[in-house]
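Reader: I am new to reading protein models. Can we go through this one by question and answer?

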Amino acid sequence: MQVNKSIFIISLIICSIGFPFLANNIWLSIITTFLIYSALSLSQDLILGKAGIYAMGHAMFFGIGAYTFAILINTYNVNLFIAFMASGIISYCIGLIIIYPIKHLRGDYFLVVSLGLNIIFINIINNDPFGLTGGPNGIFAINFPSVGGLDLTGAKAIYFIALIFLSVMILLFYRLNYSKFGRAIYYLNHDHIAAKSVGIKPSLNKLLSFSLGTMLAGFTGAIYTLQYGAVSPEAFGIEQSILLFAVVIVGGQGSLIGVVAGSFVMFVLPEIFRSYAEYRLLVFGAAMVILMVIRPNGLFPSKFGFFQKRHLQQK
Amino acid sequence: MTKLLIQNLSKQFAALVALDNISLELETNKIYGLIGPNGSGKTTLFNCISGVYKPSSGNITFAHHSIINMAPEKIAQLGIRRTFQTIRLSSELTVAENIYAGYHHYSKHNFIQALFNLKGYRQDEIHCWREVHRAAKLLDIEPHLRLKVKTLAYGIQRKVEIARAIISQPQLLVLDEPAAGMNESEKIELTHIIKQIQLQNITILIIEHDMHMISTLCDTVFVLNHGKLIASGSPTEILNNKQVISAYMGDEHA
Ligand SMILES: Nc1ncnc2c1ncn2[C@@H]1O[C@H](COP(=O)(O)OP(=O)(O)OP(=O)(O)O)[C@@H](O)[C@H]1O
Ligand SMILES: [Mg+2]
């Protein structure tokens, strides 16, 4: 079992490194999209699946990251790396400012508030404040400066940036269950009264998981801007937020494999089967309904366990 | 020495007075019983002590801290731990992972150490695992440590909850009907275990309907009826108290 797992992981690494040298540009772009949306869905899962916060406006933070990156580079000619960091940090700060006053809200109220904020966000960028966001057309033909002589806008470069980012996120998620923070949000999510009765702080952990989730979405947004060289409002609306929410629920809350598989189905298959655009929403809608009826815990329900075998074996 | 002091405590739910001007005092290292008919306010009193409910008036002092407006997690961190009348465990987790929750606050690693499985993290895990083992041993549930809670019998789940509550070496342990759903031999074993816990310098307050268990264990018993404290004293005094008998039997027997 352990050997099989290592073989699987090593082959996966080799394949993902070799892939861009074998694939054509269309496939490269599709798989890059997959990597980006997987990272985005994982950031939604931190908030929804791991911490159990019913936030349905996640595309907004993806958008904040994407727009921050685009504006800093297009309007202010900021260095790529600084712009990238700023995308995550600004998303983090806005996430913190938003969650702080509403952290005590119950799930259903929280959901409505977060959707409302997403609508407000779209309205703001549509209105082109200070001439920064470009209104409904967005910002396009962004010229990315090269970094130390390296052109980061080539398809292969973007693929690797997305791959590295997703790998870091997977490591983070994989180790989360083994960390004090990850365990705290698990206990709080499953029974907050019992968790509080053993001294686990509810609001601190809620603030942290939400704002970290929005920060990761912000970083992902920057990579998205890098891939398309353009941003426009429709990629960050409530339809996207609802899809992200559905990916986590359908894939399996808190489940790494589930969420990645869910983003493949929701964001990549539609790209591959573009000619069936008319039917695809119908098919996905039906699939979601059927899946939730037969597998209410998602495609791959999460398994949580955190005492490593090593600890269990010793006496 | 006084461990917990409750003064003129009242709790109202809309028109219902669940606790009516309760005053009582718990001293260090003793076992106290809290009895009373169904709906008399026993669990409500526990919820006020542990911070789940905010009392309507009155004061609660624990080890010289007023805990009346304190959040439940703060109260737990001060050293009051409890169990629940209806079991509250994470059923998908193993017994070990559930017991660990009680020690989570004292776990010392940071996120970076956990992320890269560094030495500080590994040492902390081993330390926590030892504590889990120690608590499980006291409750005699070591053989079940690796099993998921949902696969276990009710009596064992109750013990897991107690283990989670005592793993942090609290000063005050509050048990809400720990023997509910247990058979006679399990009750005898539990009585023995509770005495062992007391030996670790833990003050214990216990709600229990089984009078035999109460009289074997408790130094002092408090009796609630309709939210009022109607009697307190040694188990024999309580068993012969007319007011208590009439509260349980109904007035015509008095
Ligand atoms: N959250 C609440 N809201 C409204 N009423 C409540 C609440 N909690 C308890 N009560 C009421 O307070 C009274 C006391 O309830 P409590 O649970 O403290 O009784 P108890 O002595 O623990 O009874 P039992 O032996 O059945 O556990 C009951 O009438 C109950 O209905
Ligand atoms: Mg009760």
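Reader: Which residues of H10(A) are buried?
Author: This is a predicted model, where local features need pLDDT of at least 70, side-chain atom pairs count only at pLDDT 80 or more, and totals for chains, interfaces and linings use all residues. Residues are numbered from 1 along each chain as its sequence is written, chains are lettered from A and ligands numbered from 1 in the order in which they are written, and side-chain values use heavy atoms, with hydrogens and water left out. Buried means under 20% relative accessible area, exposed over 50%, and partly exposed in between (1.4 Å probe, protein chains only). In H10(A) the buried residues are Gln240(A), Ser241(A), Leu244(A), Phe245(A), Ala246(A), Val247(A), Val248(A), Ile249(A), Val250(A) and Gly251(A).

Reader: Why is H10(A) described as largely enclosed by the rest of the structure?
Author: Helices (H or I, at least four residues) and strands (E, at least two) are DSSP runs, numbered from the N terminus. H10(A) covers residues 238-251 of chain A. It is largely enclosed because the buried residues number 10 of the 14.

Reader: How far does H10(A) reach from its first C-alpha to its last?
Author: The expected span is 1.5 Å times one less than the number of residues. For the 14 residues of H10(A), 20 Å is expected. The model comes close to that, at 19 Å.

Reader: Which residue follows H10(A), and what is its phi?
Author: The residue after H10(A) is Gly252(A). Its phi is positive, near 125°.

Reader: Which residues touch the most other members of the largest nonpolar core?
Author: A nonpolar core is a set of buried Ala, Val, Leu, Ile, Met, Phe, Trp, Tyr and Cys residues joined through side-chain atoms within 4.5 Å. The largest has 71 residues. Helix H2 (residues 25-50) of chain A gives the most to this core, 12 residues. The members with the most contacts to others are Phe69(A), Phe210(A), Tyr224(A) and Phe236(A).

Reader: What does Tyr224(A) touch?
Author: Tyr224(A) is buried, at 11% relative accessible area. Contact means heavy atoms within 4.5 Å. Leaving out residues up to four places away in sequence, Tyr224(A) touches Ile36(A), Tyr37(A), Phe62(A), Ala66(A), Ala230(A), Ala235(A) and Phe236(A).

Reader: How many aromatic pairs are there over all chains?
Author: Rings of Phe, Tyr and Trp (its six-membered ring) pair if their centres lie within 6.5 Å; planes under 30 degrees apart count as stacked, over 60 as edge-to-face and the rest as tilted. Over all chains, the count is 23.

Reader: What kind of pair do Phe19(A) and Tyr159(A) form?
Author: Phe19(A) sits in helix H1 (residues 2-22) of chain A, and Tyr159(A) in helix H6 (residues 155-176) of chain A, 140 residues apart. Phe19(A) is partly exposed at 23% relative accessibility, whereas Tyr159(A) is buried at 2%. Their centres are 5.7 Å apart, their planes are at 40°, and the pair is tilted.

Reader: Which residues of H7(B) are buried?
Author: Helix H7 (residues 184-198) of chain B has 15 residues. On the other side, Ser185(B) and Ile188(B) are exposed. The buried ones are Lys187(B), Leu190(B), Thr191(B), Ile193(B), Ile194(B) and Ile197(B).

Reader: Why do the buried residues of H7(B) line one face?
Author: The arc is that of the directions from the helix axis to the C-beta atoms. Seen down the axis of H7(B), the buried residues line one face because they fall within an arc of 170°.

Reader: Which protein donors does the magnesium ion (ligand 2) have?
Author: Donors are N, O and S atoms within 2.8 Å of the metal (3.2 Å for Na, K and Ca); water is not among the atoms, so sites may look incomplete. The protein donors lie 1.9 to 2.1 Å from the ion. They are Thr43(B) (OG1) and Gln85(B) (OE1).

Reader: Where in chain B do Thr43(B) and Gln85(B) lie?
Author: Both are partly exposed, Thr43(B) at 24% relative accessibility and Gln85(B) at 33%. They are 42 residues apart. Thr43(B) is in helix H1 (residues 42-49), and Gln85(B) in the loop between strand S6 (80-82) and helix H3 (95-101).
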